[in-house]
Amino acid sequence: MEASLQPDNKKIRTVSVLGSTGSVGCNTLDLVQRYPDQFRVIALTANRNFKDLAEQAIRFNARMAVVADTECYHQLKEALSGTNIQVGAGPEALIEAASLPADWVMASIVGAAGLEPTLSAIRRGAIVALANKECLVCAGDLVMKEVIEHNATLLPVDSEHNAIFQVFDFEQPEKISHVTLTASGGPFYQMSLEQMAGVTPKQAVTHPNWDMGAKISVDSATMMNKGLELIEAYHLFPVSKDKIEIIVHPQSVIHSMVSYVDGSVLAQLGSPDMRTPISYTLAWPERIGTPAKQLDLAHLGRLDFFEPDMARFPALKLAREALQTGGSAPTILNAANEIAVHAFLEGKIGFLDISGIVEKTLEVMGSVELKCLQTVLEINQEARRISAGFIGN
């Protein structure tokens with residue numbers, strides 16, 4: 001689907017946003033409202049934020065609004081009473097929302113909960129803007145198989161993968177030496193282990209460069225976010241596991257790089273604003289303007305780079321080992337991390353305990369082959385149960 005998005009084109013791209021009240025979802029709708037003649041909203045979903053979801057659904061005249069938490073159904077229905085907007089709640093309703101015939105779907109539901117709705121959009125051959133990295137971490141081989149089978153288009157939204165996508169020569173992948181994911185390092189990249197031991201949830205969710213949700217911000221602080229992106233990159237791009245590198249770049253200006261065999265290094269640069277990669281997927285294969293701040297290199301003056309410290313950020317090592325092991329190891333890594341991060345945000349464990357719980361869960365469960373989606377879902381639940389058992393121990 002390569003319809004032009006020039007202003008004089010009569011074709012309107014229909015869009016659905018799965019996870020519309022989160023940071024990525026709100027940024028997506030910010031762009032949509034700037035181009036009312038080019039985009040029309042079909043479905044919007046949220047976890048339990050029914051107030052913001054209802055406001056969005058009314059503002060964009062959506063066909064359907066869904067909350068994942070069934071306890072919020074009646075509040076959402078009441079908030080949308082008097083409108084023609086269809087209301088739903090629960091996992092099946094999320095899948096139904098993803099199944100509606102939108103040309104383009106933003107998949108930004110956080111965590112493994114986004115897997116089945118994202119697959120639903122893929123299976124009908126939609127353009128899927130993937131902001132949920134857990135889908136490829138949990139079930140990368142299965143998801144990419146579905147993309148090919150149903151002739152869907154998968155466009156990465158994460159700034160790093162979006163950057164690689166923009167400069168990757170898919171026609172000559174054998175000419176690529178390696179790809180490099182850049183990491184901001186989060187708010188604690190200069191802290192000692194002793195200092196990190198006392199980190200609070202409030203400190204961990206305050207990112208120096210990006211405005212993100214709580215879970216993703218904590219992942220950035222532990223650098224698990226970069227570990228998950230490492231696994232995601234392997235599934236998105238035709239490169240071997242040992243050709244994906246990570247480097248800490250605190251300014252978050254160079255979003256990622258692709259190195260070629262002739263010594264050339266192509267990089268995508270820009271101010272740290274998620275509306276840039278979102279807009280690239282929203283208008284693809286065209287480009288649209290965004291309110292993102294234009295990059296001023298002279299004002300910046302310098303760009304810094306450091307090798308990541310695996311001792312202080314063991315999540316990176318765990319993620320790379322999970323990628324090398326394959327099978328269910330990445331699924332277990334992701335599930336245990338979600339449980340541990342949630343426990344940290346609730347004050348039940350310390351910051352350094354997050355990686356420890358993930359490591360213990362991986363050791364207990366080992367790895368098995370993922371033959372189907374049902375296996376993925378079962379392992380995901382078992383990993384959550386086991387990792388929850390380590391909370392407070």
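# Rings, a helix and a patch

Guide: Start with Phe 351. In this predicted model, Phe 351 is buried, with a relative accessible area of 4%.

Visitor: Which ring does Phe 351 pair with, and how are the planes set?

Guide: Phe 188. The ring centres are 5.4 Å apart and the planes stand at 85 degrees, so this pair is edge-to-face. The cut-off for that label is over 60 degrees.

Visitor: Where in the chain do Phe 188 and Phe 351 sit?

Guide: In distant parts. Phe 188 is in the loop between β8 and α8 (193-196). Phe 351 is in the loop between α15 (329-345) and α16 (353-365).

Visitor: Is Phe 188 buried or exposed?

Guide: Buried. Its relative accessibility is 4%.

Visitor: How many aromatic pairs does the structure hold?

Guide: The count is 9. One of them joins Phe 170 and Phe 237, with ring centres 6.1 Å apart and planes at 35 degrees, so it counts as tilted.

Visitor: What does the Phe 170 and Phe 237 pair tie together?

Guide: Parts that are 67 residues apart in sequence. Phe 170 lies in the loop between α7 (159-167) and β8 (176-183). Phe 237 lies in the loop between α11 (224-236) and β9 (244-248).

Visitor: Which residues form the aromatic cluster?

Guide: Phe 170 and Phe 237 belong to it, along with Phe 165, Phe 168 and Tyr 280.

Visitor: New topic. Which ring does the charged end of Lys 241 sit over?

Guide: The ring of Tyr 234. The distance to the ring centre is 5.4 Å.

Visitor: Which ones?

Guide: Leu 115, Pro 117, Thr 118, Leu 119, Ser 120, Ala 121 and Ile 122.

Visitor: What comes just after α5?

Guide: Gly 125, with a positive phi of about 75 degrees.

Visitor: Now the surface. Which residues make up the nonpolar patch?

Guide: Four leucines: Leu 269, Leu 295, Leu 297 and Leu 300. Together they have about 290 Å² of accessible area.

Visitor: Where is Leu 300, and is it buried or partly exposed?

Guide: Leu 300 is in helix α13 (residues 297-300). At 32% relative accessibility, Leu 300 counts as partly exposed.

Terms used: Residues numbered from 1 in each chain as written. Predicted model: local features only at pLDDT ≥ 70, side-chain atom pairs only at ≥ 80, totals over all residues. Heavy atoms only, no water. Patch = residues over 30% accessible without salt bridge, like charges linked within 9 Å, V, L, I, M, F, W, Y side chains within 5 Å. Areas by Shrake-Rupley, 256 points an atom, 1.4 Å probe, with all protein chains shown as cover. Salt bridge = Lys/Arg side-chain N within 4 Å of Asp/Glu carboxyl O. Helix = DSSP H or I, 4+ residues; strand = E, 2+ residues; numbered from the N terminus. Buried < 20%, exposed > 50% of the residue type's maximum accessible area, 1.4 Å probe, protein only. Phe/Tyr/Trp six-rings, centres within 6.5 Å; stacked < 30°, edge-to-face > 60°. Lys NZ or Arg CZ within 6 Å of the ring centre and 35° of its normal.
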